[in-house]
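This report covers surface, fold and charged pairs of one protein model. Please read it alongside the sequence and the coordinates.

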Amino acid sequence: MTSRGNFFFFNEGNSIEYINMHELLLNISDGCYYLNNQMEFTFINKSGEAILERSKEDLLGACIWDIIPKYIGTEIFKHYNYAYSSQKTITFEITIEESAKTLKIKVIPDANGILVLFSDISLQKAQNEKEIYFEKLRIIGEMAAGVAHEVRNPLTTVKGFLQLVSQNKELLKYKDIFKLMIEEIDRVNIIISEFLDIAKNKHSRMEKQSLNTIIQSIYPLMETRALKEDKLIHLQLNPIPALELDQNEMRQLLINLVNNSLDAMEANKSVHIKTYLAEGKVVLSISDEGTGIPVHMMDTISTPFVTSKEKGSGLGLAISFAIAKRNNAMIDYTSDSSGTTFHIRFSL
């Protein structure tokens, strides 16, 4: 590849303008480098230096397999060699383990070597995965909404008759059984309601309000359960700007996540609720001192029906993720043997 390659286009006045190919590739946003037939760098642009985290001075004249020997024999090695030997353009993706970056790579061969164009698509890939996840939730919610009415009507009838029969003096000895049956019907209704919560796609009461105030208003309820189990909840609420929020949904999200934290801990442990500003976002973090999320469940805990609880429905986290999205926020989490922290990040 040389600096003499040019191409032309017609401008608005229909006159021909020339652009130096070297200058164009040097300044494009995608990373770009050229390897000769010995797989030595003869060109790399500014974006390429940034993505590879290597300077031009370190790379020019060096063989790529000397720079990154661990990739010899891997897919990237095979793709580069195949593109050159077959003289066919190849496009593929690769994840860099040490940086967790996903790169989209296009290899364009010619008689003298290969031109490699690559871009960091990590954010795009993560966004696509989130969109797929929320689309799955939407479909599940719509399915639930479709059957909820048909299921709830007979349940309401059965519950009404149970309540009526349970008042019969001759059947008082079965009072505990009737109570259990009614509680189970209520539990089914709660699961149906949870499905409908996932299906929601509109905010009912979005208002500018203080997240700290919402947390303080529900704190006594959360603390009551914690104290009954000899556990504590600590608040660290820092100054944050008001947000457009649905107060009822925020209360539900808090209860879901705090209850999960309490469920994960033994007595004499604590949950820590904190609000703060970070990287232009309002962050609500909820940390526990439990044993952490099982490794085999780390990537699936927000999937409906996935739960480590013996009697859990596996819907609480799915609902929390859906609520966060409806309130202009996203959830991420970290977990190890010392506990789990959920971060809810609200865009301003």
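The protein exposes about 20600 Å², of which carbon and sulfur atoms supply 54%; accessible areas come from the Shrake-Rupley method with a 1.4 Å probe, and for residues only the protein chains shown count as cover. This is a predicted model, in which local features need pLDDT of at least 70, side-chain atom pairs count only at pLDDT 80 or more, and totals for chains, interfaces and linings use all residues. Residues are numbered from 1 along each chain as its sequence is written, and side-chain values use heavy atoms, with hydrogens and water left out.

Of the 348 residues, 36% count as buried. Buried means under 20% relative accessible area, exposed over 50%, and partly exposed in between (1.4 Å probe, protein chains only). Among contacts with a separation of 6 or more, 56% come from residues 24 or more positions apart, a contact being heavy atoms within 4.5 Å.

The secondary structure comes to 10 helices and 14 strands. Helices (H or I, at least four residues) and strands (E, at least two) are DSSP runs, numbered from the N terminus.

**Sheet**

Five strands form an open sheet in the order β4-β3-β7-β6-β5, with antiparallel pairing; two strands pair if DSSP finds at least two bridges between them. At the edges are β4 (41–44) and β5 (90–96), each of which pairs on one side only. Neighbouring strands of this sheet are turned by 25° against each other on average, direction ignored. For such angles, axes are lines fitted to C-alpha atoms, for helices over the stretch in contact, and the values run from 0 to 180 degrees between N-to-C directions.

Strand β3 (residues 31–36) pairs with β4 in the antiparallel sense over three bridges. Y34 stands opposite F43 in β4, and L35 has F41 of β4 as its bridge partner. The hairpin of β3 and β4 has four residues between the strands, and M39 there takes a positive phi near 60°.

Helix α10 (residues 316–326) is mostly covered, with nine of its 11 residues buried. Among them are L317, I319, F321 and R326. Just after α10, N328 takes a positive phi of about 60°.

Y174, I177 and M181 make a nonpolar surface patch of about 270 Å². Patches are made of residues with over 30% relative accessible area and no salt bridge; like charges are joined within 9 Å, and nonpolar side chains (Val, Leu, Ile, Met, Phe, Trp, Tyr) within 5 Å. I177 is in helix α7 (residues 175–199).

**Salt bridges**

The structure holds six salt bridges, each being a side-chain nitrogen of Lys or Arg within 4 Å of a carboxyl oxygen of Asp or Glu.

| Pair | N to O distance |
|---|---|
| D186 and K159 | 2.7 Å |
| R225 and E229 | 2.8 Å |
| E249 and R326 | 2.7 Å |

The side chains of D186 and K159 meet in a salt bridge. D186 lies in helix α7 and K159 in helix α6 (residues 122–165), so this pair ties together parts that are 27 residues apart in sequence. D186 is partly exposed at 28% relative accessibility, and K159 is partly exposed at 22%.

The side chains of E249 and R326 also form a salt bridge. That pair links distant parts of the chain, with E249 in helix α9 (residues 247–263) and R326 in helix α10, 77 residues apart. Both E249 and R326 are buried.

R225 is partly exposed, with a relative accessible area of 23%, and E229 is partly exposed at 27%. A network of salt bridges links R225, E229, K231 and D263.
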